[in-house]
Amino acid sequence: MMYTLNQIIVLLLCLVFFNLSYTQNEKDQENKPIIVIDPGHGGRDPGAMTAQGIKEKDIVLAIASKMVVLNDTLFENPLRLFLTRYTDTLIALRDRTLLAKTLKADIFISIHCNKAINTTAAGTDVFVYPKSEAQASASTYLGLTVQKGLTDVLGIKNRGLKYGNFQVLRDNDSNASILLELGFLSKSDEAIYLTKEKSQNAIALVILQAIIKSLRL
């Protein structure tokens, strides 16, 4: 097919426009904060379980996956969000932190559910491992913001911010990193709440809002 000079000019202009748009999109992506969400356990490691046999690994993966969807849709993609696992796979702890280091993550959140012999134990725990004054301050602010949202918005009991010598925190170089225990699968009402899709969406939303607030976006 032969093209006229005008058609060639139009095609060249289109190519320039698309290249500029692609470059701008790349720059926009580069400027967005990098967030790594770590759904705990996976594969042959189920984590805690409810009395009905629902596994922690499935609950936390569902919540993390919903965070990705909400970031892309409801919040119009303000964050570059990565998961340490997207399927029911066991990822080594060192590889979870390696991902955060490789991506130079601004925030790292490891999500878990709790379990106790005492079936009345309830509420959320947030753990931090301060590696510097700046990192301690950022992690503490993030943790408190997440907990406040879970308590104020969803009514989940707040068990406080604690020091936790966990490998995913200890070996982490992110600006802020926390390990979040969302509730106790050994407590029947919390177990029921955490397994409902509506609740998982609400938790994912609150965590995302806390991240955005802590980054002052």
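This is a predicted model: local features need pLDDT of at least 70, side-chain atom pairs count only at pLDDT 80 or more; totals for chains, interfaces and linings use all residues.
What covers the buried residues of α4? Residues are numbered from 1 along each chain as its sequence is written, and side-chain values use heavy atoms, with hydrogens and water left out.

The chain contains 7 helices and 6 strands, where helices (H or I, at least four residues) and strands (E, at least two) are DSSP runs numbered from the N terminus. Along the sequence they follow the pattern α-β-α-β-α-β-β-α-β-α-β-α-α. Of the 217 residues in the chain, 43% are buried, a word that means under 20% relative accessible area, with exposed meaning over 50% and partly exposed lying in between (1.4 Å probe, protein chains only). Among contacts (heavy atoms within 4.5 Å) between residues at least 6 apart in sequence, 80% join residues at least 24 apart.

Helix α4, made up of residues 133-152, has 20 residues and reaches 28 Å from its first C-alpha to its last, close to the 28 Å expected at 1.5 Å a residue; the expected span is 1.5 Å times one less than the number of residues. Its buried residues are Gln135, Ala136, Ser139, Leu142, Gly143, Thr145, Val146, Gln147, Gly149 and Leu150. An α-helix has 3.6 residues a turn, so residues three or four places apart point the same way. The cover over the buried residues of α4 includes the strands β3 (107-114), β4 (124-128), β5 (158-163) and β6 (176-184), together with helix α7 (197-214).

Strand β1 (residues 34-39) is largely enclosed by the rest of the structure, because 6 of its 6 residues are buried. Ile34, Val36 and Asp38 point one way from β1, whereas Ile35, Ile37 and Pro39 point the other way, and all are buried. Strands pair if DSSP finds at least two bridges between them, and β1 pairs with strand β2 (residues 80-83) in the parallel sense over 4 bridges, with Leu81 in β2 as the bridge partner of Ile35. From β1 the chain crosses through helix α2 (residues 56-72) to β2, and this β-α-β crossover is right-handed: with the strands pointing away from the viewer, the path from the first strand over the helix to the second runs clockwise. β1 also pairs with β3 in the parallel sense, over 5 bridges, and here Ile35 stands opposite Ile107.

Leaving aside neighbours within four places in sequence, Thr124 is in contact with several residues, including Gln147, Leu150 and Leu182. The C-alpha atoms of Thr124 and Phe184 are separated by 8.1 Å, although these residues are 60 apart along the chain.

The whole structure holds 2 aromatic pairs, for which the ring centres of Phe, Tyr or Trp (its six-membered ring) must lie within 6.5 Å, with planes under 30 degrees apart counted as stacked, over 60 as edge-to-face and the rest as tilted. The rings of Phe127 and Phe166 have centres 5.2 Å apart and planes at 80°, so this pair is edge-to-face. The pair links distant parts of the chain, since Phe127 lies in strand β4 and Phe166 in the loop between β5 and α5 (167-170), 39 residues apart. Phe127 is buried, with a relative accessible area of 14%, whereas Phe166 counts as partly exposed at 31%.
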